[in-house]
Amino acid sequence: MQNWNKQQEPGQRQNRLRTQNAAGTCSSKRRREGGCGTGIRRDLYVEELQQAAFAIISIVGEAKASYMKALNLAKAGKAKEVEEEIRKGNKTLAQAHHEHFGMIQREAEGHTLEYSLLFTHAEDQLLTAEVFRDIAAELLEVYKELKKLKGEN
């Protein structure tokens, strides 16, 4: 039996979730847990989905904060710091996409993804961060143009 320790590295995620039934049969308990046919213990898969959701929510919060900080820096006329915050936000948002893609990949492999309000919220936050990034980019251009018009170049 594998060690189901939650502190394993993310790369070991699939190994943690896979179970094997050496006899090739499926017990009624395992069937109720959704483990037959998929090779995944349902209770662990749900936990994995929740962990991914919490990770996405927290990561996109950091990304949105970076974009907001960039806007405030642009207002203050600190162009170099703006670029750094945008890069930081983009790097952070890429981490959230990686977590999200992991769940999409799992479903593409044939594993059933149960509906989760928490994961739906995480996806909503991810989408909101992307939209916020795009709006921030547009506002940054507006700030640049405004500086030109004021002659503060």
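**View 1. Lys-69 and Glu-85 pair across two helices.** The side chains of these two residues meet in a salt bridge with an N to O distance of 3.7 Å, the term denoting a side-chain nitrogen of Lys or Arg within 4 Å of a carboxyl oxygen of Asp or Glu. The pair links distant parts of the chain, since Lys-69 belongs to helix H3 (residues 42-75) and Glu-85, 16 residues apart from Lys-69, to helix H4 (residues 79-108); helices (H or I, at least four residues) are DSSP runs numbered from the N terminus. Lys-69 is partly exposed at 44% relative accessible area, whereas Glu-85 is buried at 8%, where buried means under 20%, exposed over 50% and partly exposed in between (1.4 Å probe, protein chains only).

**View 2. Glu-84 and Arg-87 pair within helix H4.** Their side chains form a salt bridge at 3.3 Å, N to O, and the two residues lie three residues apart, about one turn of the helix. Glu-84 is partly exposed, with a relative accessible area of 43%, while Arg-87 is exposed, with 51%.

**View 3. Arg-133 forms a salt bridge with Asp-134.** The closest N and O atoms of this pair are 3.1 Å apart; Arg-133 is partly exposed at 28% relative accessible area, and Asp-134 is partly exposed at 43%.

**Notes to the views.** The structure holds four salt bridges, among them the pair Lys-69 and Glu-85. Residues are numbered from 1 along each chain as its sequence is written, and side-chain values use heavy atoms, with hydrogens and water left out. In this predicted model local features need pLDDT of at least 70 and side-chain atom pairs count only at pLDDT 80 or more, whereas totals for chains, interfaces and linings use all residues.
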